[in-house]
Amino acid sequence: MFNPYISNNKILSIYFAFWILLSTANSILLINVFDVEFSSVMIFILSFYLPYSFVGLSFWYPAQYMSFDKYSTFEIIWKHSIAAVVSSLLVVGLGYYVLLKMFIQSELEMELLSQHVLWIFVGGVLFYVMITMVNYLIIYYNNYQQKMIQEVKLKSDLKEAELKSLKYQINPHFIFNSLNSISSLTLFDGERAREMTIKLSDYMRGMLSKNEKQFNKLEDELKNIRLYLDIEKIRFEDKFEYVENIPTDILMSKVPNMLFQPLFENAIKHGVYESLEKVTITLSAKKLDEYIKYELSNNYDPEAVHRKGEGIGLKNIKDRLKLFYNQENLFITENRQNIFNAILYIPIIEEKDESK
């Protein structure tokens with residue numbers, strides 16, 4: 001970690017502002033209480049306080065090196081105590097020598113120096129303790145910030161991995177059904193088998209190209225759904241029809257990628273597959289205040305023997321919506337007079353928040 005007093009201009013400015021304030025207070029004390037001349041005070045300040053202000057910049061490194069992760073509290077205290085005494089002795093000794101050799105010209109100045117040198121030494125030790133405590137606070141704050149960033153990134157990566165895992169549950173069931181249908185068609189209708197193979201290839205190519213995207217434009221999502229239904233049309237021919245009631249002003253809105261896929265698979269599986277009558281699958285949308293309400297409905301045969309599945313598809317939608325939007329009530333299913341309705345409430349996302 002870089003020394004913040006050197007790499008951060010704001011911290012460096014605060015640091016030297018402290019020394020200027022301390023030097024000014026001490027100068028006022030010497031002039032008004034001890035009646036020392038201004039020139040002597042300046043020499044005094046330059047000999048002790050100025051060197052100490054620069055030496056203090058290096059106190060960051062012992063604090064960084066002697067972390068509480070590596071050393072016990074007792075070891076840190078006695079090592080810093082030695083460093084405080086040594087650093088204060090060096091500055092006081094150097095300042096004392098300079099004053100004696102170059103500036104002390106009278107017994108009064110010599111007496112003043114003798115009276116204050118001990119206090120300067122003690123002040124140096126106290127300053128070391130104070131700046132070291134500040135350094136540990138800075139180190140703790142930086143480490144805390146770094147851990148918070150890492151935690152946020154870890155949660156984000158975990159959420160993304162979970163979302164991908166949920167999304168990868170969607171494709172296999174449909175692919176296996178399509179391949180089985182192609183296998184059956186090859187026995188008596190090679191042309192339809194070929195058509196279904198081409199459409200399945202186009203569908204998978206589109207899915208793979210958008211596989212890493214978490215959000216998709218509704219317009220693109222509908223294109224994928226239509227292609228999926230074209231494939232199912234080859235299997236079931238005229239057993240179902242698809243109707244869209246989508247206002248054009250929401251076609252560019254964002255929805256989670258492949259969110260509608262399990263809904264249509266559910267409609268095909270429990271509506272078209274099990275019904276002897278023609279099934280109508282209808283997708284409608286309506287913009288509310290902060291949401292867009294999507295409703296997928298299909299009729300079904302109430303007397304049909306329903307195929308039991310693992311329930312992955314609808315649970316997948318609920319889990320993905322909760323992960324995306326942190327809300328529990330965005331997906332509702334209901335049965336009304338042999339009509340199955342799946343209702344989604346998708347929050348409207350601003351463009352700047354959509355790049356996921």
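Let's start with rings: a search of the whole structure turns up 19 aromatic pairs. (Rings of Phe, Tyr and Trp, the last by its six-membered ring, pair if their centres lie within 6.5 Å; planes under 30 degrees apart are stacked, over 60 edge-to-face, the rest tilted.) Keep in mind that this is a predicted model, where local features need pLDDT of at least 70 and side-chain atom pairs 80 or more, while totals for chains, interfaces and linings use all residues. Residues count from 1 along each chain as its sequence is written, and side-chain values use heavy atoms, leaving out hydrogens and water.

Select Trp19 and Phe127. Their ring centres are 4.6 Å apart with planes at 65°, so the pair is edge-to-face. Trp19 sits in helix H2 (residues 9–32) and Phe127 in helix H6 (residues 107–168), 108 residues apart. (Helices, H or I of at least four residues, and strands, E of at least two, are DSSP runs numbered from the N terminus.) Both Trp19 and Phe127 are buried, meaning under 20% relative accessible area with a 1.4 Å probe, protein chains only.

Next, click Lys233, which lies over the face of Phe240, 4.8 Å from the ring centre. (That takes Lys NZ or Arg CZ within 6 Å of the centre and within 35 degrees of the ring normal.)

Last stop, the sheet. Five strands run in the order E2-E4-E5-E7-E6, open and with mixed pairing; strands pair if DSSP finds at least two bridges between them. At the edges are E2 (240–245) and E6 (331–336), each pairing on one side only.

Key:
Buried means under 20% relative accessible area, exposed over 50%, partly exposed in between (1.4 Å probe, protein chains only).
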